[in-house]
Amino acid sequence: MEYENIAVSVGDDFVAEITLNRPAQLNTFTPGLAVELDRALWEVEADDRVRVVLIKGEGKAFCAGIDVSHIEGKSIQELRAWIECMEAPLVSISRMGKPVIAQVQGVAAANGAGLVAAADLAIVGAKARIGLTAINVGLNCIGPVIPVSKSVGRKKALEMLFFGEFVPAEEAARMGLVNRVVPDEELAGEARSWARTLAAKSPVAMRIAKKSFYSAADCDYYKAFEFMNEAFTRLCATEDAKEGVSAFREKRQPLWQGK
């Protein structure tokens with residue numbers, strides 16, 4: 001598939017890279033980028049060569065949010081369709097079975113911050129800054145704040161939403177907004193290594209783990225246990241589970257079948 005606003009590559013290590021490719025515009029979201037990103041996510045989800053997805057940005061910024069010039073002259077119905085288009089990739093990540101990692105350098109603002117939070121995991125450069133900044137131009141980030149609040153909780157999410165300030169990388173890690181902070185010059189290598197490590201796990205176990213986690217996230221406490229127990233029962237009956245146990249006993253590397 002040819003793209004204008006992103007680039008997609010698949011390595012022989014089962015890792016796909018999706019790169020936001022509007023560096024001169026700090027990789028801001030446009031309808032074109034949003035549609036292509038969403039399409040690419042579902043294409044790599046369906047690709048048997050891919051077990052882990054890495055999202056990154058070309059140039060000095062990960063993503064500076066949405067290109068707000070697209071707001072002008074739209075009706076309410078058009079604005080609703082436009083914003084749903086912008087947020088679609090954030091929703092799609094949670095519905096995929098494959099883990100998605102955000103590799104973040106420079107600025108991740110507004111919808112860019114939402115993309116970081118929506119990713120299953122995030123690794124960032126030490127100089128990275130993340131913020132729900134739309135309040136500073138008379139708008140707000142009430143879409144992106146949804147995945148942000150799932151990561152950092154209500155108080156911190158509202159602080160980010162109301163003040164619109166950037167959070168430095170180390171603070172973002174302390175808040176639970178990102179997983180790891182590494183030196184900027186090591187970011188690409190560390191992110192790929194992290195993705196490669198995940199790709200070596202059983203793909204069926206990973207898929208069941210992710211889908212079960214998101215499905216149970218908002219369940220009643222006891223219902224969540226019931227749901228997870230059923231998911232684990234299904235996992236135990238898979239070929240990968242049998243292979244994993246056998247490989248452990250035989251002290252060898254497992255050969256995953258993905259089923």
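Predicted model: local features only at pLDDT ≥ 70, side-chain atom pairs only at ≥ 80, totals over all residues.
Student: Is Arg-192 buried or exposed?
Tutor: Arg-192 belongs to helix α7, residues 187-199. Helices (H or I, at least four residues) and strands (E, at least two) are DSSP runs, numbered from the N terminus. Buried means under 20% relative accessible area, exposed over 50%, and partly exposed in between, with a 1.4 Å probe and protein chains only. Because its relative accessibility is 15%, Arg-192 counts as buried.

Student: Which side chain is joined to that of Arg-192 by a polar contact of 2.8 Å?
Tutor: A polar contact is a pair of N or O atoms within 3.5 Å; within protein, one must be able to donate a hydrogen and the other to accept it, and residues adjacent in sequence count only if both atoms are side-chain atoms. Contact in general means heavy atoms within 4.5 Å. Not counting residues up to four places away in sequence, Arg-192 touches Gly-11, Val-15, Glu-17 and Leu-54, as well as Asp-13. The side chain joined to that of Arg-192 by the polar contact of 2.8 Å is that of Asp-13.

Student: What is the phi of Asn-27?
Tutor: Asn-27 is found in the loop between β2 and α1, and it is buried because its relative accessible area is 0%. Leu-26 is found in the loop between β2 (15-20) and α1 (31-45), and it has a positive phi of about 55 degrees although it is not a glycine. Leu-26 is partly exposed because its relative accessible area is 30%. For Asn-27, also a residue other than glycine, phi is positive and near 60 degrees.

Student: How many aromatic pairs are there?
Tutor: Rings of Phe, Tyr and Trp (its six-membered ring) pair if their centres lie within 6.5 Å; planes under 30 degrees apart count as stacked, over 60 as edge-to-face and the rest as tilted. By this rule the number of aromatic pairs is 3.

Student: Why is the pair of Tyr-221 and Phe-225 given the class that it has?
Tutor: Tyr-221 and Phe-225 both lie in helix α9 (residues 221-236), 4 residues apart, about one turn of the helix. Tyr-221 is exposed because its relative accessibility is 57%, whereas Phe-225 is partly exposed because its relative accessible area is 45%. The ring centres of Tyr-221 and Phe-225 are 5.2 Å apart and the planes stand at 75 degrees, so the pair is edge-to-face.

Student: Which residues form one aromatic cluster?
Tutor: Tyr-221 and Tyr-222 form an edge-to-face pair, with 5.4 Å centre to centre and 90 degrees between the planes. The cluster is formed by Tyr-221, Tyr-222 and Phe-225.

Student: Over the face of which residue does Arg-180 lie?
Tutor: A charge sits over a ring if NZ of Lys or CZ of Arg is within 6 Å of the ring centre and within 35 degrees of the ring normal. Arg-129 lies over the face of Phe-166, at 4.4 Å from the ring centre. Arg-180, at 5.4 Å from the ring centre, lies over the face of Trp-194.

Student: Which element supplies the largest share of the lining of the largest pocket?
Tutor: On a 1 Å grid over the protein atoms alone, a pocket is an open set of points where a 1.4 Å probe fits, with protein on both sides within 12 Å along at least five of seven lines; lining residues have an atom within 4 Å of a point. The largest pocket holds about 840 Å³ of space, and of its 29 lining residues, the closest to the centre are Ala-117, Ala-118, Ala-119, Phe-213 and Tyr-214. Grid points are joined across faces, edges and corners, and a volume is the space filled by probe spheres set on the points. The largest share of the lining, 5 residues, comes from α8.

Technical notes: Residues numbered from 1 in each chain as written. Heavy atoms only, no water.
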